[in-house]
Amino acid sequence: PYIFPNYDITTALTPLDAIPKIKNKDLPIILLHSQEDKIVHYTNSLMLYQAFKDNGFTNVHVVVLPQGRHSFILQNESVKRDYLIAINNFYKKYDLPYNQEFISETFQENIPTKEEINKEVQSYTESVSNIFKVSYQRNFTIATIGILLALAYQKIKD
C-alpha cells in the first residue's frame, strides 16, 4: 500500500491469475531468479514457470542462480557470467539480438519437474510457517511478561 497506494489487493489480478488470460502460448518467456533473493523468494518463479507450463505455454524457461540480490544479480560477479550466458542463449534460441561472447554450446538449462517444484514450494512454505509459529510464540511470551510486569507494578503502586 505504501509503494502503490492505488493497488487494491482485494480485487487486483495476481501474476498467477493473469497467466491463463495470455493468448499467445508460443510467447518466449524467461524467468531468472536468485536463491539468495530476500525480497521475493525464488519459489515464486518456480510457481510461475509451472503455471505457464500448466496453461500450455511452449517456450517458457526458468533459470535459478545460486547467488545475487533482488534486482542486483548482474552486480554479483560470481553469477554475472552465468546470467549473461542464460539470457543470451535464450535470445539466440528465439532469434533475438544476442552477444556471441556469451553463447555457450555447453549451456544446459536445468528444467525442474512438477514434482521438484512442488517439493521446493512445500519446503519453503513449511519453513515460513515454522518461522511464523516461533515468532508468534515469542511475541505471545513477551506480551504475557509485559502484562504481568504491568500488573505487578500496578499492585506495588497501589
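Reader: Hi! Which residues line the second largest pocket?
Author: Hello! The second largest pocket is lined by T14, P15, L16, V40, N44, M47 and L48. A pocket here is an open set of points on a 1 Å grid over the protein atoms alone, where a 1.4 Å probe fits and protein lies on both sides within 12 Å along at least five of seven lines; a lining residue has an atom within 4 Å of a point.

Reader: Before I go on, what kind of model is this?
Author: This is a predicted model, where local features need pLDDT of at least 70 and side-chain atom pairs count only at pLDDT 80 or more, while totals for chains, interfaces and linings use all residues. Residues are numbered from 1 along each chain as its sequence is written, and side-chain values use heavy atoms, with hydrogens and water left out.

Reader: Thanks. What volume does that second largest pocket have?
Author: About 180 Å³. Volume means the space filled by probe spheres set on the grid points, which are joined across faces, edges and corners.

Reader: And which helices supply its lining?
Author: α1 (15–18) and α2 (43–54) each supply at least two residues, with α2 giving the largest share, 3 residues. Helices are DSSP runs of H or I of at least four residues, strands are E runs of at least two, and both are numbered from the N terminus.

Reader: How does that lining split by class?
Author: The lining of the second largest pocket has 5 nonpolar residues, 2 polar and no charged ones. Ala, Val, Leu, Ile, Met, Phe, Trp, Tyr, Cys and Pro count as nonpolar, Asp, Glu, Lys and Arg as charged, and the others, Gly among them, as polar.

Reader: OK, now the largest pocket. How much space lies in it?
Author: About 430 Å³. Of its 18 lining residues, V62, V63, V64, L65 and N110 are the closest to its centre.

Reader: Which element gives the most to that lining?
Author: β2, with 4 residues. β2 (60–65), α3 (77–93) and α4 (114–157) each supply at least two. By class, the lining of the largest pocket divides into 11 nonpolar, 3 polar and 4 charged residues.

Reader: You mentioned α3. What does its buried side pack against?
Author: The buried residues of α3 pack against β1 and β2. They are V79, Y83, L84, I85, A86, I87, N88, N89 and F90. Buried means under 20% relative accessible area, exposed over 50% and partly exposed in between, using a 1.4 Å probe on protein chains only.

Reader: How far apart are the end C-alpha atoms of α3?
Author: They are 25 Å apart, which agrees with the 24 Å that its 17 residues should span at 1.5 Å a residue. The expected span is 1.5 Å times one less than the number of residues in the helix.

Reader: What's going on just after α3?
Author: D95 takes a positive phi of about 55 degrees there, although D95 is not a glycine. D95 sits in the loop between α3 and α4 and counts as exposed because its relative accessibility is 73%.

Reader: What about S71, what is its phi?
Author: Near 65 degrees, a positive value in a residue other than glycine. S71 has its place in the loop between β2 and α3, and at 61% relative accessibility it counts as exposed.

Reader: N76 is in that loop too. Buried or exposed?
Author: N76 counts as buried, because its relative accessibility is 19%. Leaving aside residues up to four places away in sequence, N76 touches E36, Q67 and G68. Contact means heavy atoms within 4.5 Å.

Reader: Last one, the overall layout. How many helices and strands does the protein chain have?
Author: It has 4 helices and 2 strands, running α-β-α-β-α-α from the N terminus on. The C-alpha atoms fill a box of roughly 80 × 40 × 35 Å, taken along the principal axes. The protein chain has a radius of gyration of 23 Å, whereas a compact globule of 158 residues would be near 15 Å. That radius is taken over C-alpha atoms, and the globule rule is 2.2 Å times the number of residues to the power 0.38.

Reader: And what share of the residues is buried?
Author: Buried residues make up 27% of the 158 residues in the protein chain. Among contacts between residues at least 6 apart in sequence, 60% join residues at least 24 apart.
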